Amino acid sequence: MDRQEAAGQIDSREHFIAFLHALQCNAADEPERWQTGDLPSDLRTLAAWVEDMDGFYWNGGRPAPDQPAWRTLDEMLRAARVYE
């Protein structure tokens, strides 16, 4: 499963694992598409996005989840790749 195929299809642990592997390959193959390029910074941007994620869902006309689903983790990681 590549990153594009995985986007929006994360509904199980297996899909999430495949998505993580695809993200890792993407980071290695296309580092210029990643805002920071290092794990500590990527984790910082992930935390910042999670803190602000209510706005992401509000802008999309959806309520923010109280408990994240597998797909929510997918959205968090994709957003952290480019979030400032």
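1. Basis of the model. The model is predicted, and local features need pLDDT of at least 70, side-chain atom pairs count only at pLDDT 80 or more, and totals for chains, interfaces and linings use all residues. Residues are numbered from 1 along each chain as its sequence is written, and side-chain values use heavy atoms, with hydrogens and water left out.

2. Fold. The chain holds four helices and zero strands, in the order α-α-α-α from the N terminus. Helices (H or I, at least four residues) and strands (E, at least two) are DSSP runs, numbered from the N terminus. Of the 84 residues, 29% count as buried; buried means under 20% relative accessible area, exposed over 50%, and partly exposed in between (1.4 Å probe, protein chains only). Among contacts between residues at least 6 apart in sequence, 56% join residues at least 24 apart, a contact being heavy atoms within 4.5 Å.

3. Largest pocket. The largest pocket contains about 200 Å³ of space. Its lining consists of L23, Q24, A27, W34, L39, D42, L43, L46, L77 and A80. Two or more lining residues come from each of α2 (13–29), α3 (39–59) and α4 (70–80), and α3 gives the most, with four residues. A pocket is an open set of points on a 1 Å grid over the protein atoms alone, where a 1.4 Å probe fits, with protein on both sides within 12 Å along at least five of seven lines; lining residues have an atom within 4 Å of a point. Grid points are joined across faces, edges and corners, and the volume is the space filled by probe spheres set on the points.

4. By class, the lining of the largest pocket has eight nonpolar, one polar and one charged residues. Ala, Val, Leu, Ile, Met, Phe, Trp, Tyr, Cys and Pro count as nonpolar, Asp, Glu, Lys and Arg as charged, and the others, Gly among them, as polar.

5. Aromatic pairs. The whole structure has four aromatic pairs. Rings of Phe, Tyr and Trp (its six-membered ring) pair if their centres lie within 6.5 Å; planes under 30 degrees apart count as stacked, over 60 as edge-to-face and the rest as tilted. The pair of F16 and W70 is tilted, because the ring centres are 5.5 Å apart and the planes stand at 40°. This pair links distant parts of the chain, F16 in helix α2 and W70 in helix α4, 54 residues apart. F16 is buried at 12% relative accessible area, whereas W70 is partly exposed at 32%.

6. W49 and F56 form an edge-to-face pair, 5.2 Å centre to centre with 65° between the planes. W49 is buried, with a relative accessible area of 4%, while F56 is partly exposed at 36%. W49, F56 and Y57 form one aromatic cluster.

7. R62. R62 is placed in the loop between α3 and α4 and is partly exposed, at 34% relative accessibility. Leaving aside neighbours within four places in sequence, R62 is in contact with F56, Y57, R71 and E75. The side chains of R62 and E75 are joined by a polar contact of 3.2 Å. A polar contact is a pair of N or O atoms within 3.5 Å; within protein, one must be able to donate a hydrogen and the other to accept it, and residues adjacent in sequence count only if both atoms are side-chain atoms.

8. H15. H15 lies in helix α2 and is partly exposed, with a relative accessible area of 27%. A polar contact of 2.5 Å joins its side chain to that of D11. H15 and R71 are 56 residues apart in sequence and 9.3 Å apart in space, C-alpha to C-alpha.
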